[in-house]
Amino acid sequence: MNDGIRCMWMRGGTSKGGFFLAEDLPQDTVARDAFLLRTMGSPDPRQIDGMGGADPLTSKVAVVSKSDRPGVDVDYLFLQVFVDQAIVSDAQNCGNMLAGVGPFAIERGLIAAPGEETRVAIYMVNTGQIAIATCQTPGGAPTYAGDAAIDGVPGTAAPIPLEFRDTAGSSCGALLPTGNAVDVIEGVACTLIDNGMPCVVFKAADVGATGYEDRDTLDADSALKARIEAIRLLAGPMMNLGDVADKSVPKMMLVAPPAHGGAVTVRSFIPHRAHATIGVLGAVSVATACLIPGSPAADVADVPESQRKLLSVEHPTGEMSCVLETDDSGAVTSAALLRTARKLMDGMIFA
């Protein structure tokens, strides 16, 4: 790629990566993935020969195209570029990178922005679901300046509310792919759940943790990580995900009682490294697990009684608030979260 490819680098939520128009990337998947590995500098723990930041959270790609689906503005394919392995995975969504899709689509002229706010309907190709992002567009262009703050990102930016509907079973075929609120794996009571992100949710105490450790402490505990991985490898087939040894899902969620007035405390593995915060759709899945009677999350969570539930999910660097709407049976019908994004660079990238 001596001539380079057009690319915009953006922060989306608490993640960061490259945003590409689908038409600008190689159409052959093998060639595309080889290009993205070179772009990020993988496989290499430092990603020194690429744009990646030596962390799964900064080694991500959004591929965007104008949609021909009724009622949808753009299609969004998320790709996780592994840091230290030559793997590019489309096995999951990313709700953080999703926050940058609307502004990027407007920047690239895929949709018009006639008002002060622009609602962008986004089809998430990875799972076949639709999300609505509301972008601030004064003067017909995205603005990234504003007063919204999210934990895990310094400063403030323009708010980008994200609305999700019909995300249950997006990857696994059902909210609870085994049909059980609790499955015991390696002697640990787990909830295998997928409300936008396949997750295995279990009490931190059941694997020898507290749930309040910082990221570095968790990443340094090789025995804990080995036990979590043993559970994950067994959970994958149970969740209709097959052999997950080389996959980025399911995510592993260690839960504990809230420490700062929220609903639940979470330490997330994504899947082999501890997350600095928590993924958007991972937070939705954990919050949903808190509403399932008898689940490990429900045992430790503090959940409001109202039909419209605001659940603050505490993570290592703050919290993420999930607004869950439920029906008369208590089933979650929609979820909304607040994110922000920022354009960092627009130009050509070479690999």
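## Aromatic contacts and a buried valine

Arginine 69 lies over the face of tyrosine 123, 3.6 Å from the ring centre. A charge counts as over a ring if NZ of Lys or CZ of Arg is within 6 Å of the ring centre and within 35 degrees of the ring normal. This is a predicted model: local features need pLDDT of at least 70, side-chain atom pairs count only at pLDDT 80 or more, and totals for chains, interfaces and linings use all residues. Residues are numbered from 1 along each chain as its sequence is written, and side-chain values use heavy atoms, leaving out hydrogens and water.

The structure holds two aromatic pairs. Rings of Phe, Tyr and Trp (its six-membered ring) pair if their centres lie within 6.5 Å; planes under 30 degrees apart are stacked, over 60 edge-to-face, the rest tilted.

| Pair | Centre to centre | Angle between planes | Class |
|---|---|---|---|
| Phenylalanine 19 and phenylalanine 104 | 5.7 Å | 50 degrees | tilted |
| Phenylalanine 20 and phenylalanine 35 | 6.2 Å | 80 degrees | edge-to-face |

Phenylalanine 19 sits in strand S2 (residues 15–21) and phenylalanine 104 in helix H2 (residues 95–107), so their pair ties together parts 85 residues apart in sequence. Helices (H or I, at least four residues) and strands (E, at least two) are DSSP runs, numbered from the N terminus. Phenylalanine 19 is buried at 0% relative accessibility. Buried means under 20% relative accessible area, exposed over 50%, partly exposed in between (1.4 Å probe, protein chains only). Phenylalanine 20 and phenylalanine 35 are buried too.

Valine 101 is in helix H2. Its relative accessible area is 0%. Valine 101 touches residues including Phe19 and Ile122, not counting residues up to four places away in sequence; contact means heavy atoms within 4.5 Å.
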